[in-house]
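User: I have a model open and want to check some local features. Can we go through them one by one?

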Amino acid sequence: MLLDLAAEPDVVTGLRVAEQLRVASAMASPADTRALIGAVGDADPLVAISAVHGVAAVSSVDVDDVLVDALHDPRSWIREHAAWALSARRPQRRAVSGLISLHGSGSDLTAMVAQRTLAGWAGSDPAGIGGAVIDCLGVTDDVVVRRRLVDTLSQVDSAWSRDRLLEIVLDRDEGVDVRVAAVNSFGGDRDQRVQRALLTLANESSPLATSALLALFDVVRGDVDGDLSGRRGLHIGQLTLTGELDGRLSQAGAGDTGGIANLLVSVSHVLAARSGVSSVVSIGRSSPDGELASLLVPDFGNEGFASVSFGPLRQPPALASEWDFRLMVERGLQRALVRRPRLDVLHLRMADVGTLGAASVARRLGIRVVFTCAPDPHGPIAQRQAAGSITRDNFGIVDSDEHLWFRARMVERLVGQADHLVLFPRRDVNAVIERVMGVDREFLDRRSTIAAEGIDLASIDAAVADPCPAPVVEEIASRLPTERLGRVMVVSVGRLHPAKGVTRVVRDWLSNEQLTASTNLVIVGGDLDRPNPVEAQILAEITELVRGHPAGPGVVLLGAREPAVIAQILTTAVRGDGDRIAPGGVYVNGAAKEEFGLAVLEALASGLPVVAPQEGGPATYVEADTTGVLVGADEDLAAAILRAKALHGVDGRAAAARTMVEQRYTIDAYGDALLSAYDAVGVAAAV
């Protein structure tokens, strides 16, 4: 099988072969074992990583030294996978120092998997693990490393580890994030010394006050988490830690609060109104103060919004890709859930730290899980290999940066463990998932529901019906030089994130004189006043592109806006606004791949022709060269925008697009499909 893997040109297929190799390695012969050991040093990263996991599955103890040595391999991706693979082995005292050294890794995932392995071993060797962690705390001053070590120590169940954690809580010379980690470790602890320390911190004007209050909430949870339901009916939970959630979508488009947050809020309203649904709680990300507020403010009616905070205390909430804060996420999720009626089902959607933590919490609390499954990262890997940005030679480096292997295995595990799956409507979707993930087709047919995500048309209808120019139109016009007024508006809506291709949109628009002469470009999304590091990078790239360019003044950055305002922008792009904005606008999505594309649907429903990625969801509902233009990841967006602009002359285009959305992609239809999925796991709404 190693030979098959070495000869396999396709990386995604190679991932499947690697998993088959890992399973088969449990029965490896001595000759096969020697081949696996030799392959750990292979120059092909895919073969070497596969060999690491294969060695970990070998039943003989003779291979332990191979994995211990791999913790010190010069290749960062081998060190990471060795730390992960060792979790499947019995505790190895020889490996402890290597695993602890990986707490200083620049990779959040490497540190996290090392931490998980040590936590798994701590139950059988608390003295060895805890003692080594405490020794390392005594010799390192790095705040990030110390915070990670404190998280690891919190997984060691012993009196002396708790004593050391309490010392850190009380040490005012300690780094604030290190102390926060120690405070978090005491959630639910009823020791009087601990409670006194937390109360002292909670009553001080200290950065730790809110964290201490959150830990105290865990202490009292047993007094409040009884049967709070009061009503028969289904209790539903849904989660996204890629953005902040509230019923008003006040953070829509800022930071990581993108289309998935809009979707969850809209579907929450729909599900909460259904007969037989007792409660819906939607969980997002926030600051510690936001998390505390969501615990203190009761849910209204049967619809609630909860928050989980994680990340460095003095910075904006960490991005959901930061696996470093897995324990913080898990504790926050459990805190949010135990203070509400016990959930019947928790719906998870992303291959991120939130889903990893939520799946663990759901298992502990006995909550059934529904998982929206997409071939991600499998699909993007295939696309990038076709484009040349991922190769067999550079796969290790890319994986070390983007955690592709871990995310792929995480999705595959969730597919196998979830009580039910929700799939996006795709051509032969079950066959695709079977091929790239190795999931049995019959299993998928039996345990999945196809559900098309949908949009709420109310904001669009209100904008269409209102003949008065919206304030945002005045703002756009005021930002344009006089000589650029009266042109068509090209609109792009989305987070300022590399995956959304905003820089690509600006670059390609500026590159075409015909386009810049006849249109202006309006970018909606992002926090322009307080950008997070990713947003700041995208803004810097856009600034560099427009600086000195003759058409640069035609690029208008509006920042994040609420859904009703976005609807006004879209409808204005269709019909124009007197002498300031010409009718006949275009919507453009610059992503290489869009899993579904809710904003694309909103643009279609508004009457705009669209430019959308060929890969992913839009290809299932954009009628090429009639309602829009589909483009590949490497194609010129400017030419596509000009083609889409010409579609305004197609008779019945706008009406056909609107009818398609109304018939297939409303939020109400999506809510019905979800209730069908929940019914399939035996948690039907009680009518």
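This is a predicted model: local features need pLDDT of at least 70, side-chain atom pairs count only at pLDDT 80 or more; totals for chains, interfaces and linings use all residues.

Analyst: Residues are numbered from 1 along each chain as its sequence is written, and side-chain values use heavy atoms, with hydrogens and water left out.

User: Is V556 buried or exposed?
Analyst: V556 sits in strand β10, residues 555-559. Strands (E, at least two residues) and helices (H or I, at least four) are DSSP runs, numbered from the N terminus. Buried means under 20% relative accessible area, exposed over 50%, partly exposed in between (1.4 Å probe, protein chains only). The relative accessible area of V556 is 2%, so V556 is buried.

User: Which residues does V556 touch, not counting residues up to four places away in sequence?
Analyst: Contact means heavy atoms within 4.5 Å. By that cut-off, V556 touches R479, L480, L521, V522 and I523.

User: Which residues of helix α19 are buried, and what do they pack against?
Analyst: Helix α19 covers residues 378-387. Its buried residues are H378, G379, P380, I381, Q383 and Q385. They pack against α2 (11-24), α21 (404-417), α22 (429-437), β12 (593-594) and β14 (615-616).

User: How many disulfides are in the whole structure?
Analyst: A disulfide is a pair of cysteine sulfur atoms within 2.5 Å. A search of the whole structure gives a count of zero.
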